[in-house]
Amino acid sequence: MVELTDYLLKLSAELPSRFDYARRLRKRFLFERLAGLVDDYLGGESPKTVLLPGLRGTGKTTLLGQLYFHALSKTADVIYISADEARLLGFSLHEVIERYFDVFRPKRPVLLLDEVQYDPDWDLTLKVLHDRRKALVIATGSSALKLKESPDLARRAVHVEVKPLSFIEYLHLTGEDVGPVGLDTLFEFDVDRLERALSTGSRFAKTAEDYLTLGSLPLTLELEERTAYESLFSLVERIVYRDLPEFRNFDSSTLDSALRLLTIIASPKGERFSYERLSKTLGISKSTVMELVRAFVASGLLIEISPVGGLSKKIRRSSKLKFSAPSLRASLLSKFEVVELAPLLEDAVALYLSGEGILEYEPGKGGADFVLTRRGKRYVVEVGLGKASYTQVRRSMERTGADFGIVIGREFDVRENLLMIPWWAFLSLV
């Protein structure tokens, strides 16, 4: 049995070598915001509790490693603790933190806590820490954190989701000197800044294909294609067999069905499957299919998009399901050696738009891919690698009462309330 004090002393000594790999890596855009919080706290501001939920593979542990070195350059009062590792050794997160305070007696501690969801009392531990005002706490966890988070902690903590990579961030991490112009550019029909995205996209049009297939998660950045797909598929399996049980106590047979369900959703015709048809295909109840979908959405793997319209329509129609990281869909499709770009592009568009407002789709034949309500305005968005016409967008605008129509396709054109942008230029916005 490892003694807790010995573990902490050894951990403190080993952290620089444990995270040595992170020194040579470029930093995610989020790093600057978090490093600023560390600097403000060490400069005298009140401590905060910052929660970083996110899908597996988004680089949360590496981000904490880089924050560790940033804090270490300014203070010795910084520690990284993995709740997963602590639990494996038989310690609770609370015990490890309290022993750290007793042994090291830090004056203004920075606590970097990883994968906190593996401690059953993580939310109470963080709430007590916050209320004591003794430390800046930056904690990562799965996207399902909010399912088990107490209302008290939810009110106290700052929540910053660690999302899959955007195209510009992917280019940045691979060594390119580029920056985002922002999605406001798109919604404001800002021609000058759209042309900047067009210029960037033109330079990296071929790279945009690589981003869709393998670039939306950091873990694949230095891997060759076959190894990258294998790593991504292993990630999907860990989400299914390790993260889903956090949502509900699914049995092993249901988890096997969950993996098959994801494969069906990933297929080109997957969106045409109703919950009833999925139930028959998988040989499980419709309610179980719906529970699995909710669990995948909670884990951050899928983005659920409801049909536009009233409550009755939302109840009758199944939601559209997009992968939050296009690379994860690609890894499932690679098992059949058919990786098409079109559905991956729709995933990326969903990722970009999902945080911008209320994202829906128009049900029925010929309906718009996306209907976004943002800041009191409604946008119809149609997506397709080769789209070059406003016909479908105009029709959907009439049916939904939308103010603007956007085609993400292969041409560039700006009119009064209609915009067409090449798909690789759209990806270059953020």
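1. Gln-66 is buried, with a relative accessible area of 5%, where buried means under 20% relative accessible area with a 1.4 Å probe and protein chains only. Gln-66 belongs to helix H4, residues 60-72, helices being DSSP runs of H or I of at least four residues and strands runs of E of at least two, numbered from the N terminus. Leaving aside residues up to four places away in sequence, Gln-66 touches Ala-22, Leu-25, Arg-26, Lys-27 and Phe-31, a contact being heavy atoms within 4.5 Å.

2. On the basis of the note, this is a predicted model, in which local features need pLDDT of at least 70 and side-chain atom pairs count only at pLDDT 80 or more, while totals for chains, interfaces and linings use all residues. Residues are numbered from 1 along each chain as its sequence is written, and side-chain values use heavy atoms, with hydrogens and water left out.

3. Helix H6 has twelve residues and reaches 16 Å from its first C-alpha to its last, close to the 16 Å expected at 1.5 Å a residue, the expected span being 1.5 Å times one less than the number of residues. Its buried residues are Leu-93, Val-96, Ile-97, Tyr-100 and Phe-101. Viewed down the axis of H6, these fall within an arc of 135°, so they line one face of the helix; the arc is that of the directions from the helix axis to the C-beta atoms. The cover over the buried residues of H6 includes helix H1 (4-18), strand E2 (78-82), helix H5 (83-88), strand E3 (110-114) and H7. After H6 comes Arg-105, whose phi is positive, near 45°.

4. The structure holds three cavities of 30 Å³ or more, a cavity being a set of points on a 1 Å grid over the protein atoms alone where a 1.4 Å probe fits but cannot get out. The largest cavity contains about 40 Å³ of space, and its lining, made of residues with an atom within 4 Å of a point, consists of His-94, Ile-97, Glu-98, Thr-125, Val-128, Leu-129 and Arg-132.

5. The largest pocket, an open set with protein on both sides within 12 Å along at least five of seven lines, has a volume of about 770 Å³. Of its 34 lining residues, Gly-270, Glu-271, Arg-272, Lys-320 and Lys-322 lie nearest its centre.

Key. Points joined across faces, edges and corners; volume = space filled by probe spheres on them. Buried < 20%, exposed > 50% of the residue type's maximum accessible area, 1.4 Å probe, protein only.
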